[in-house]
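Please open the model in your viewer and keep the sequence panel beside it.

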Amino acid sequence: GWEGRCLAPPANPKVYVLPLTKLDPGFLADVDAYMARLATPTPFDPVYSRKKAPLTLVDIRGTLLRAASILVVRGFPVASIRDVVLPDRYTVVLLEAYERLGKGVAWPTRATPIASYLHAAARNWAGLTPEDLTEVTRLRGMVKAPRSEMKQKSRDRIAQFDDDPKLLARFFELPYEMFTAADQMLKEGQPKRGAYLHQAALALAILQVKPLRRGTLSLLEHDRHFFPKGPHLFGEL
């Protein structure tokens with residue numbers, strides 16, 4: 001019965017996008033129009049004839065919102081995508097990635113897609129002058145992130161398979177053993193546990209045949225991406 005008090009959740013320091021209410025409605029409308037064109041191109045469109053993947057669309061939109069947020073915090077007015085990709089604004093956004101993600105030492109890996117997405121918007125949507133577009137293209141060419149390498153921890157994890165053929169064979173047999181165990185759980189009246197185990201087995205089987213990122217894996221649809229072939233219950237990707 002004590003009187004309650006609402007506590008606002010603390011700001012997440014890893015989130016670099018302002019609330020949409022703090023961004024210009026004109027900019028948000030421009031982003032929505034741009035995303036719609038990327039998501040539903042026509043075969044007669046000379047620029048956007050190929051549909052972007054859903055995860056790519058999410059990444060592009062997030063990049064535009066983060067870039068606008070960086071500029072607004074620094075006092076730049078942002079009323080359209082053009083205001084984000086002008087050469088001086090483009091430089092500010094990329095330098096923020098260089099300082100924050102690259103620690104001011106080198107271009108981070110993430111800087112490459114940021115530079116590419118913003119450059120594509122500048123080239124195909126923002127209506128920059130030829131001079132401004134040339135400068136943005138020059139700046140884009142200067143963003144050269146180092147190639148990402150496998151960390152030592154990951155190297156150590158997979159090295160165990162190098163010298164032990166039996167262990168490698170055991171790894172490839174594991175999904176089928178998991179499928180069998182999941183079927184047994186279903187027979188024993190544990191459908192939920194069996195479903196989770198079957199799901200993990202399927203993810204592992206896909207990993208062995210065609211490695212996918214977790215986000216891409218979550219987008220797979222049974223009727224769209226799997227085709228029955230041979231004796232395998234899960235079909236072929």
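Which residues does glutamate 96 touch, not counting residues up to four places away in sequence? Select glutamate 96 together with Tyr16, Ile70, Arg74 and Leu101, which are the residues it touches once those sequence neighbours are set aside, where contact means heavy atoms within 4.5 Å. Glutamate 96 lies in helix H4, helices being DSSP runs of H or I with at least four residues, and strands DSSP runs of E with at least two, numbered from the N terminus. With a relative accessible area of 11%, glutamate 96 is buried, a word that stands for under 20% relative accessible area, with exposed for over 50% and partly exposed for what falls in between (1.4 Å probe, protein chains only).

Before going further, please note that this is a predicted model, in which local features need pLDDT of at least 70 and side-chain atom pairs count only at pLDDT 80 or more, while totals for chains, interfaces and linings use all residues. Residues are numbered from 1 along each chain as its sequence is written, and side-chain values use heavy atoms, with hydrogens and water left out.

**The nonpolar core**

Next, select Phe27, Tyr34, Leu64, Val84 and Leu118, which have the most contacts inside the largest nonpolar core, a set of 39 residues. A nonpolar core is here a set of buried Ala, Val, Leu, Ile, Met, Phe, Trp, Tyr and Cys residues joined through side-chain atoms within 4.5 Å. At least two residues of this core come from each of helix H1 (25-39), helix H2 (54-73), helix H3 (82-85), helix H4 (87-100), helix H5 (111-124) and helix H6 (130-142), and H2 gives the largest share, with 8 residues. In soluble globular proteins, nonpolar side chains tend to be buried together.

Within this region, centre the view on valine 84, which touches Phe27, Ala67, Ala68, Leu71, Val78, Arg89, Tyr90 and Leu118 when residues up to four places away in sequence are not counted.

Two packed helices are described by the angle between their axes and the distance between the axes. The axes are lines fitted to C-alpha atoms, for helices over the stretch in contact, and the angles run from 0 to 180 degrees between N-to-C directions.

Show H4 and H5, which pack at an angle of about 165 degrees with their axes 10 Å apart. H4 is therefore roughly antiparallel to H5, since angles under 35 degrees count as roughly parallel, over 145 as roughly antiparallel, 65 to 115 as roughly perpendicular and the rest as oblique. By class, the contact of H4 with H5 has 8 nonpolar, 1 polar and no charged residues, where Ala, Val, Leu, Ile, Met, Phe, Trp, Tyr, Cys and Pro count as nonpolar, Asp, Glu, Lys and Arg as charged, and the others, Gly among them, as polar.

Keep H4 and bring in H6: these two helices pack at an angle of about 20 degrees, with their axes 9 Å apart, so H4 is roughly parallel to H6. H4 passes H6 in a right-handed crossing, and Pro87, Tyr90 and Thr91 in H4 meet Asp132, Glu135, Val136, Leu139 and Arg140 in H6. The classes in this contact of H4 with H6 are 4 nonpolar, 1 polar and 3 charged residues.

**Helices H8 and H9**

Now select residues 165-187 for helix H8 and residues 191-209 for helix H9, whose axes come within 8 Å and cross at roughly 160 degrees. H8 is therefore roughly antiparallel to H9, and their crossing is left-handed. By class, the contact of H8 with H9 has 17 nonpolar, 3 polar and 2 charged residues.

**Two lysines in loops**

For the last stops, select lysine 103, in the loop between H4 and H5, which has a positive phi of about 60 degrees although it is not a glycine. Lysine 103 is exposed, with a relative accessible area of 65%.

Finish at lysine 52, in the loop between H1 and H2, which is partly exposed at a relative accessible area of 35%. Leaving aside neighbours within four places in sequence, lysine 52 is in contact with Leu38 and Leu57.

Definitions and conventions:
A crossing is left-handed if the near helix is turned anticlockwise from the far one by less than a right angle, and right-handed if clockwise.
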